[in-house]
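Let's take a walk through this one, with a stop at a pocket and another at a pair of helices. Have the viewer open as you read.

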Amino acid sequence: MKRIVFNLMLLALSLAAHAQTIEPNLKWGKPTNEELQMTEYIADKDADAVILCQQTDVKYDFVNGNFKVLYYINTRLKVLKPEGKRVADQSVVYTEPESNGSRKETLLGLKATAYNMENGKLVKTKMERQMINKERLDKNQVVTKFSVPQVKEGTVIEYEYRIESDYYGDIRSWYAQSDIPVVYTSYRLAIPDWFEFHLDQTGISHLENNVSDDNLVLVLGSDTENLAVKVHTFIGRDLPALKDDDFVWNASDYGCKVTAELAGIYVPGSIHETYTATWKDIDTQLMEDEEFGGRLKKSSALKNEIIAAGIPNIADKKERIAAVWRLLQSKVRWNGDFAFWGKSASKVLKEGTGTNADINFLLINMLHDAGIESTPIVMRTRNRGKLPLSHASYKYLNTFVIGIEMDDDKLAYLDASSIDGYLNVLPSLLLVDRARAVKKNASGFWVNLQESARSRINTTIEATLNADGLLKGELVSMRVDEAAASLRRAWRETKDSVELIQKLQERNNIEIQSYTTEGLHEFSPAATEKMTFTKQCDAAGDMIYLNPLVIIPEKESPFTASERILPIEFPYKQLEVQNISITLPEGYVVEETPQPIIIKFDGAVLRISWSVSENVISVQYQLNINKTFFAPEVYQNLKMFYDKVVENCKNILTIKKVS
């Protein structure tokens with residue numbers, strides 16, 4: 001599970017507050033000696049590359065009686081370390097409908113150059129045309145990928161391009177930050193007075209901004225007219241990188257960005273028309289689209305097989321869904337990609353593989369043939385950021401899952417990518433808190449896919465300790481929902497069972513004698529692992545030192561940074577319970593039984609209780625994380641909570657022999 005997030009470096013913040021690390025060079029084609037000789041970015045010495053200067057200029061033009069939006073992008077980067085060579089590969093996504101409609105976006109003027117110092121001389125290498133490749137992403141979007149040649153440690157890269165867009169009412173959002181630090185970035189947005197946009201600036205870093213006046217000359221036949229223009233300029237300096245971290249899903253949700261939403265167009269002498277789209281408008285458009293809503297009304301190509309197998313006659317709805325799912329899985333497999341638009345059902349069945357959208361369209365039709373109604377839940381995957389509530393657009397959607405209508409009138413969620421899961425057990429990438437149910441004959445509504453997502457582990461351990469400190473035991477661990485999916489995924493992705501069992505032994509410092517699983521290959525909410533094991537405890541003379549949490553739940557805290565500026569986002573709620581029973585050797589007693597432990601924090605509780613009856617130690621451990629979002633203001637408390645969890649997972653009991 002790849003979770004894209006950003007980790008703001010404290011050093012970068014403190015230095016940025018005082019002065020810039022390098023003077024920005026706004027002239028293109030002429031990198032300075034300072035840029036060419038630069039070996040590190042002082043504000044973030046770990047950075048493998050840095051954006052030296054990026055300028056985005058957006059303005060309107062009037063051509064043949066129609067407005068266009070022109071985007072000019074100029075970028076200069078510096079490669080600081082060998083790993084930074086990755087910035088030589090870039091891509092630009094833009095709209096070019098497959099239907100060849102009258103409106104589209106066009107990429108023009110793409111150029112790139114690498115600058116290297118060799119033997120004291122500046123060597124320029126220009127990108128050749130064969131380094132540029134155009135691919136189609138879906139029926140509406142294409143991507144142009146390009147690679148800058150001769151890039152190595154120390155290289156300065158420049159590239160530029162422009163996009164001409166017929167979508168004059170839809171201005172792209174501007175993101176000031178990247179996965180590498182930014183020395184200087186600017187965004188100049190020139191909006192004619194006939195257009196009314198709501199501008200929204202978000203992010204925790206500071207951007208300079210100002211508004212000035214300009215004009216646009218309109219050529220109207222033999223006449224011209226000067227149209228007043230408002231120019232909004234935003235400038236960012238020494239902005240920290242958006243980096244990987246395990247507990248924030250998308251950096252762009254918290255990084256600096258500017259969003260422009262069209263509110264209306266006013267042409268003198270004409271009626272003022274409002275253009276703000278709502279998500280209800282998107283619902284309607286999707287249902288009227290033959291490639292989306294039109295596909296929901298069809299029967300599946302597998303209808304005869306569904307009927308022949310008696311699936312519509314299965315009384316229990318969950319069992320009926322499971323039967324449909326098993327039939328579907330026998331016909332097609334997920335190819336690992338997420339998508340919004342799908343290929344034809346016949347093509348998917350013929351190829352035997354497809355994206356989640358390809359297979360989800362099939363599944364909706366198959367469920368209908370089995371007498372089960374379902375609806376698409378359109379969304380944006382977690383690594384792409386949250387769906388905006390205020391400005392609705394197709395462009396924010398990149399996939400959908402299926403909401404299945406259950407007997408209690410609630411929706412259960414399923415997706416073609418849930419190859420390890422079950423109903424309401426989705427890959428973490430899909431567990432968004434804001435998705436849109438699009439109904440065939442009713443109004444759409446918002447759903448929270450995180451609400452029903454939970455990981456549950458219930459482990460029972462029965463063990464016997466001998467006088468030499470050797471612990472022999474049996475473990476049964478039932479994993480439910482997301483925990484079951486995690487176990488299935490671990491076994492599916494491992495090279496062989498020996499490798500996985502070896503990791504279990506190393507992590508828990510045990511020797512596994514036997515290991516079995518149940519439910520690994522079933523479409524069900526639970527999977528179980530069983531094992532017999534031995535574990536050597538420290539022993540000296542008549543004393544044995546025992547950690548009664550034989551399989552230590554939390555060996556180290558996931559939160560080690562002293563400070564944090566960003567929130568913490570868990571993928572789902574989590575509950576882990578261990579019930580442990582250890583029989584002591586004859587003639588041995590526990591020197592001192594610890595007091596019960598209860599540690600509470602908002603949304604998180606740890607409980608550990610011990611008891612000793614005759615020669616049996618009983619321990620119950622319970623960790624419950626009942627929230628998925630923690631604000632940065634409570635980071636210190638959450639860090640302290642986990643530090644205490646780890647500390648209490650290391651408690652040692654002294655077992656001594658009585659005379």
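Which element supplies the largest share of the lining of the second largest pocket? Keep in mind that we're looking at a predicted model here. The answer is α9, which puts six residues into that lining.

Now for the pocket itself. The second largest pocket has a volume of about 1,600 Å³, and 43 residues line it. If you want to find its centre, look for Ile 457, Arg 479, Ser 486, Arg 507 and Pro 553, the lining residues closest to that point.

Next, head over to the helix pair. Helix α5 covers residues 317–331 and helix α7 covers 356–369, and the two pack with their axes 10 Å apart at an angle of about 135 degrees. Angles over 145 degrees would count as roughly antiparallel and 65 to 115 as roughly perpendicular, so α5 and α7 are oblique to each other. Their crossing is right-handed.

What meets what at this contact? From α5 come Ile 321, Val 324, Trp 325, Leu 327 and Leu 328, and they meet Ile 359, Leu 362, Leu 363, Met 366 and Leu 367 of α7. That makes 10 nonpolar residues in the contact, with no polar and no charged ones.

Definitions and conventions
Residues numbered from 1 in each chain as written. Predicted model: local features only at pLDDT ≥ 70, side-chain atom pairs only at ≥ 80, totals over all residues. Heavy atoms only, no water. 1 Å grid on protein atoms, 1.4 Å probe; cavity = no way out; pocket = protein on both sides within 12 Å on 5 of 7 lines; lining within 4 Å. Points joined across faces, edges and corners; volume = space filled by probe spheres on them. Helix = DSSP H or I, 4+ residues; strand = E, 2+ residues; numbered from the N terminus. Axes fitted to C-alpha atoms, helices over the stretch in contact; angles between N-to-C directions. Parallel < 35°, antiparallel > 145°, perpendicular 65-115°, else oblique. Left-handed = near helix turned anticlockwise from the far one by under 90°. Contact = heavy atoms within 4.5 Å. Nonpolar A, V, L, I, M, F, W, Y, C, P; charged D, E, K, R; others polar.
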